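Please view the sequence and structure first, and then read the points grouped by topic.

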Amino acid sequence: MNTNTEYLNSTPREDMDRPVGVGDVYVSSWGYDQTNIDFYQCVGITASGKSVRVRKIGAADVEGGGRGWDYVIPVKDYFVGDTMTRRTQRHNYHPSFNVTSYATAFRTRWNVRHGQTATGFGH
C-alpha cells in the first residue's frame with residue numbers, strides 16, 4: 001500500500017525544497033477503521049505567499065490493491081469542491097496544510113498512486 005509516510009520517505013530533496021506553486025497537487029489520508037484519500041489542487045497563492053488557495057479534486061481508480069484496497073490517483077482540473085484558503089506549513093520539510101482538525105494534506109505528484117479502503121469495505 002502507498003501511504004503518505006511512504007511518499008514522504010521517497011520524495012526527492014529538490015521536490016521538498018521547491019516552493020508551493022499553482023497546479024501542485026496535495027493528498028490527505030484520513031479515517032478511523034478505514035483509510036480515505038482526498039486530493040486537492042492549488043489554484044492560487046495569497047499575496048503574502050503564506051497561504052494557498054486549493055480546491056478538492058476527484059480521483060480515478062488505477063488498479064485493485066487486493067482484497068479491501070483500491071489504488072487511486074488525482075484527476076487534474078476535475079474540481080469537486082469550492083475554493084479554500086489554507087495556511088501553508090512544513091512538515092519534515094514537506095509543504096503541507098491542514099484541511100480539517102483531523103486531516104493534513106501533503107504535496108504529492110500526479111502519477112503517484114495512493115491506497116484507500118475499497119468500496120464495500122467501510123465506504
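**Briefing on the model**

Asp-24 is buried, its relative accessible area being 9%; buried means under 20% relative accessible area, exposed means over 50%, and partly exposed lies in between (1.4 Å probe, protein chains only). This is a predicted model, in which local features need pLDDT of at least 70, side-chain atom pairs count only at pLDDT 80 or more, and totals for chains, interfaces and linings use all residues. Residues are numbered from 1 along each chain as its sequence is written, and side-chain values use heavy atoms, with hydrogens and water left out.

**Overall architecture**

- The protein contains two helices and seven strands, where helices (H or I, at least four residues) and strands (E, at least two) are DSSP runs numbered from the N terminus.
- Along the sequence, these elements follow the pattern α-α-β-β-β-β-β-β-β.
- Of the 123 residues, 41% count as buried.
- Among contacts (heavy atoms within 4.5 Å) with a separation of 6 or more, 58% come from residues 24 or more positions apart.
- The accessible surface comes to about 6900 Å², and 47% of it belongs to carbon and sulfur atoms; accessible areas come from the Shrake-Rupley method with a 1.4 Å probe, and for residues only the protein chains shown count as cover.

**Nonpolar cores**

- In soluble globular proteins, nonpolar side chains tend to be buried together.
- A nonpolar core is a set of buried Ala, Val, Leu, Ile, Met, Phe, Trp, Tyr and Cys residues joined through side-chain atoms within 4.5 Å.
- The largest such core has nine residues, namely Tyr-26, Tyr-40, Cys-42, Val-52, Val-54, Phe-97, Val-99, Ala-103 and Ala-105.
- At least two residues of this core come from each of β2 (36-45), β3 (51-66), β5 (94-100) and β6 (103-108).
- A second, separate core has six residues, including Val-25, Val-27, Phe-39 and Ile-57.
- Leaving out residues up to four places away in sequence, Phe-97 touches Tyr-26, Tyr-40, Val-52, Val-54, Arg-86, Arg-87, Gln-89, Thr-104 and Ala-105.

**Aromatic rings**

- The structure holds three aromatic pairs; rings of Phe, Tyr and Trp (its six-membered ring) pair if their centres lie within 6.5 Å, and planes under 30 degrees apart count as stacked, over 60 as edge-to-face and the rest as tilted.
- The ring centres of Tyr-40 and Phe-97 are 6.0 Å apart and the planes stand at 80°, so this pair is edge-to-face.
- Tyr-40 belongs to strand β2 and Phe-97 to strand β5, so the pair ties together parts 57 residues apart in sequence.
- Both Tyr-40 and Phe-97 are buried.
- Tyr-26, Tyr-40 and Phe-97 are linked into a cluster by ring pairs.

**Salt bridges**

- There are two salt bridges in the structure, each a side-chain nitrogen of Lys or Arg within 4 Å of a carboxyl oxygen of Asp or Glu.
- One joins Arg-107 to Asp-24, with the closest N and O atoms 3.1 Å apart.
- Arg-107 lies in strand β6 and Asp-24 in the loop between α2 (13-17) and β1 (25-30), so the pair ties together parts 83 residues apart in sequence.
- Arg-107 counts as buried, at 3% relative accessibility.
- Asp-38 forms a salt bridge with Lys-56, where the closest N and O atoms are 3.4 Å apart.
- This pair links distant parts of the chain, with Asp-38 in strand β2 and Lys-56 in strand β3, 18 residues apart.
- Asp-38 is buried at a relative accessible area of 14%, whereas Lys-56 is partly exposed at 31%.
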